[in-house]
Amino acid sequence: MTEKMEKTTIAASKPAAGEAGRTGDWRSQTPVIDQEKCSQKDSCLLCWLYCPDGLITREFPLEIDLEYCKGCGICAEECPRKAIEMVEGRTPGSAGKKE
Amino acid sequence: MDNVRIITANTAAALAAALCRVQVIAAYPITPQTPVTEELAEMVEKGELQAEYLTVESEHSAMASVVAASQVGARVFTATSANGLLYMHEMLHWAAGSRVPVVMACVNRGVGAPWTILNDQQDSISQRDTGWIQLYCRNSQEVLDSIIQAFRVAEQSLLPVMVCYDGFVLSHASTPVEVPSQEDVDRFLPALSTGVGISEGEFMNLNPLILSEPREDSGGHLRPGYMDLRYRLQEDLLGALETIQIADREFESIFGRGWGGVVWEYRMDDAEHALVSMGSLASEATLAADEMRKEGLRTGVVGVRAYRPFPSDELAKALSNVGTVTVFEKDVSYGYTGALAADLKAAMFDNGLRPKIHSYVAGLGGRDVRPEQLAKAAMEVVTGTPERGWIDVHG
């Protein structure tokens with residue numbers, strides 16, 4: 001452990017999924033997409049644009065990578081069609097359950 | 001002595017940066033540093049210096065710019081004074097924490113309020129704990145030479161270096177300075193090889209959020225926590241004491257003059273009393289020591305060239321045989337005593353030395369200090385208990 005770290009002088013990391021750890025663990029609310037309300041058109045994609053972690057696909061139907069989604073709710077806030085709902089819990093339906 | 005020119009310390013600093021072939025300069029003008037920025041801008045404008053000169057809107061941006069340029073492998077330079085330096089404060093921590101070899105000239109000036117443009121060292125002393133190496137110069141030749149040395153020290157230790165010299169006393173006073181040849185400087189300072197930072201095809205997040213505990217990154221490598229990186233900064237700063245000394249010795253072997261490394265001595269061989277100071281005031285203290293010797297007091301001077309990292313052991317060695325130590329400094333750690341005196345007392349205590357140490361604050365905001373005033377103050381320390389810790393102060 002220390003042998004590897006001795007070479008480290010500057011703080012740096014590779015831009016890669018999971019570089020900051022499995023941030024999906026942080027989530028207390030989970031976004032759920034209602035695909036029928038979603039525009040299904042690439043002229044929108046506001047959720048994809050605003051997601052601070054770049055976890056939403058560009059292809060329809062849209063998917064969110066819950067492994068790293070922190071549950072910040074920005075996508076739900078920005079969606080003009082209210083197609084994304086933040087539901088309590090780390091996974092939909094897990095509110096109040098021990099995880 | 002091939003190429004001696006009559007120049008100010010500001011011109012010496014600008015020439016030194018050019019001789020080091022700096023590639024990016026970002027600076028914001030402030031008295032008394034302004035001529036450094038003007039002369040470098042002129043060199044770039046005329047095409048004499050192949051560098052990018054960034055005109056920025058503030059000192060904070062000047063430091064941010066040179067940190068960024070350094071991270072992509074450029075040799076960078078900036079200069080500032082007083083409140084400009086204070087405005088950089090956040091980015092000074094950022095530079096040291098990023099481990100970039102930035103070199104900066106600090107033309108020492110008193111800090112407002114009340115407003116002053118004249119000299120003391122409160123500005124750079126107030127940046128003591130940012131993780132920068134600080135070198136203090138006695139004269140314009142040392143300014144030129146120290147900036148050349150600073151690039152080598154910075155690039156070897158991956159630490160930023162502040163070369164400090166007194167505003168107006170040195171920055172605007174013309175004295176003979178030997179300007180070395182480009183060939184000799186190139187021999188001493190090889191081109192900067194990009195060992196750190198980002199480069200094309202090698203994408204990195206620099207200074208990402210660092211958690212408290214070490215953890216594995218996505219590639220399976222263990223990454224240090226915040227505290228581990230800060231420990232490395234401290235260890236490397238302490239190790240830089242030797243890097244500074246080696247750089248000075250190798251400089252001497254090429255250019256024929258050295259500056260004592262981290263600590264220099266004047267007439268200390270048989271001294272019973274020592275005067276300790278930094279910068280041009282230390283140079284002036286040599287005249288006070290001569291004066292005291294005429295009075296039969298065997299006195300010498302120990303000059304602190306490297307203030308951070310602090311040369312505790314070297315100072316203890318230089319002061320191991322004296323009965324009194326009189327510290328003169330152009331700064332105060334407000335609410336306690338002079339910063340140098342406090343650090344020196346700690347170094348003596350750690351080394352089991354108990355000379356009588358007295359601290360004098362002098363020359364704040366450009367108030368003139370004469371050698372006879374220093375001698376008189378030091379003789380009060382030798383003969384009895386001095387009344388006051390400030391020289392030539394009214395009120």
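Predicted model: local features only at pLDDT ≥ 70, side-chain atom pairs only at ≥ 80, totals over all residues.
I then looked for salt bridges between chain B and chain A and found zero.

Next I looked up which elements of chain B supply the side that touches chain A. I noted β9 (205-206), β11 (222-223) and α9 (226-255), each giving at least two residues. Of these I marked α9(B), because the largest share of that side, four residues, comes from it.

I sorted the residues on the side of chain B that touches chain A by class. I have eleven nonpolar, seven polar and eight charged residues there.

I looked up how many residues take part in the contact. Chain B gives 26 residues and chain A gives 18 residues.

For the extent of the interface I took the buried area. Chain B and chain A bury about 1,900 Å² between them, and carbon and sulfur atoms carry 58% of that. I also asked which residues of chain B lose the most area to chain A. They are Asn205(B), Ser218(B) and Leu222(B), which together make up 25% of what the chain B side buries.

Strand β1 (residues 12-13) of chain A is joined to β9(B) by two bridges, and I recorded the pair as antiparallel.

Note on methods: Residues numbered from 1 in each chain as written. Chains lettered and ligands numbered in written order. Heavy atoms only, no water. Contact = heavy atoms within 4.5 Å. Buried area = accessible area lost by both parts, 1.4 Å probe. Salt bridge = Lys/Arg side-chain N within 4 Å of Asp/Glu carboxyl O. Nonpolar A, V, L, I, M, F, W, Y, C, P; charged D, E, K, R; others polar. Pairing = 2+ DSSP bridges.
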